[in-house]
Amino acid sequence: MQEIKCPKCGEVFKVDESGYAAIVKQVRDSEFEREISRRELEINSKKEAEVKLAAVEAQSEVQKLKNDMALQKSNAEIAVNNAVKEKEKEILELKSKLEIAKQEIGLKDEEIARVKDFKARQSTKMVGESLEQFCENEFNKLRATGFKNAYFEKDNDIRTGSKGDFIYKESSNDGIEFISIMFEMKNEMDTTATKHKNEDFFKELDKDRNEKNCEYAVLVSTLEADSDLYNVGIVDVSYKYDKMYVVRPQFFIPIITILRNAALNSLNYKSELEVIKNQNIDITNFENDINDFKEKFARNFNLASERFHKAIDEIDKTIDHLQKTKEALLSSENNLRLANNKAEDLTVKKLTRNNPTMAEMFAQLKENE
């Protein structure tokens, strides 16, 4: 039997083992239920807190995603707008280039038509000369407005044995020449029996260019009319001869413009080089003047020195001569002194010594006295 005391009334009562076990089980089940309830509340509270936290984090993540999407959308819109603007710009540029190309094609077609007409109207006698006249007229149309400081005249100088057709030169406002071109015009009618090639004239053109001190050489030619090489426009043949070009007549003005604009870019450098060159010339002239002065001074000094030494030599010679004269005079004086002494020492006795005749004569003279 087990004794159990009531915690409220303090009464003690006895229970058997089965009863005790039942009571213990009852107490234990009650405590367990309370513990379970407590743990369940605790777990539910913790779970609720975690759910709320997860909800907050999820909401934050969603907001972040929304912000990122908004930023990406904004960047995408900016990129699209920029791309659209760039494409629109490219389209405008292409349209502009297309319009210019159309105009240029139109101008080229007009030029080609004019050249064809120009060739069709010429006679065999006019071949060569008419192309020169055509180019000169084209240049003179623009001379007053586009080439105010330019020189473009026929090359009539045959001192070297040959000449080109035209010489183009241009200088800046301060007189610095920045470009020069030797032009050769070659024209050939379709009916001409002998067909020439452009390269047949390269060597002579290069020779004329060098003899006339021109920087560039340009062959304006209608030769080889069916050549794909020469019909494309401006042909650079500097791989054979330096700074040499071949053009069709319609590209006569463009080649001048291209070479002229390129030369204008280097005008500042040429101006600086001209200043340096003038400074060097001034320095050279100064040095030449100094050297000339030194040479003249040295020559005058040498002449004066030679005359001085010659005068010194003459003085030395004169002194030597006078010394010899002095010695001669002194020697004469000594001889005169000796002669005087001898004369003073001369007596009748000495004169008649060893001379009986003279002694007798002096004796008689003395008796007669």
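Modeller: One definition to start: a residue is buried under 20% relative accessible area, exposed over 50%, and partly exposed in between. Keep in mind that this is a predicted model.

Colleague: How many salt bridges are there by the 4 Å rule?

Modeller: Side chains of opposite charge can pair when their charged atoms come close. The rule asks for a side-chain nitrogen of Lys or Arg within 4 Å of a carboxyl oxygen of Asp or Glu. By this rule the salt bridges number nine.

Colleague: Which residue forms a salt bridge with E215, and where do the two lie?

Modeller: E215 sits in the loop between α3 and β6 (216-221). Its partner is in the loop between β7 (235-236) and β8 (244-247), so the pair ties together parts that are 28 residues apart in sequence. The closest N and O atoms are 2.7 Å apart, and the partner is K243.

Colleague: Is K243 buried, partly exposed or exposed?

Modeller: The relative accessible area of K243 is 29%. Because that value falls between the 20% and 50% limits, K243 is partly exposed.

Colleague: What is the N to O distance in the salt bridge of E132 and K154?

Modeller: E132 belongs to helix α2 (residues 129-146) and K154 to strand β3 (residues 150-154), 22 residues apart. E132 is buried at 14% relative accessible area, whereas K154 is partly exposed at 30%. Their side chains meet in a salt bridge with an N to O distance of 2.5 Å.

Colleague: How many residues apart are K207 and E211 in helix α3?

Modeller: The side chains of K207 and E211 meet in a salt bridge of 3.0 Å, N to O. K207 is partly exposed at 34% relative accessible area, and E211 is partly exposed at 29%. Both lie in helix α3 (residues 202-211), about one turn of the helix apart, which is four residues.

Colleague: What is the nearest side chain of opposite charge to D165, and how far away is it?

Modeller: D165 lies in the loop between β3 and β4 (166-171). D165 is buried yet has no salt bridge. The nearest side chain of opposite charge is that of K154, at 4.6 Å.

Note on methods
Residues numbered from 1 in each chain as written. Predicted model: local features only at pLDDT ≥ 70, side-chain atom pairs only at ≥ 80, totals over all residues. Heavy atoms only, no water. Buried < 20%, exposed > 50% of the residue type's maximum accessible area, 1.4 Å probe, protein only. Lys, Arg positive; Asp, Glu negative; His and termini not counted.
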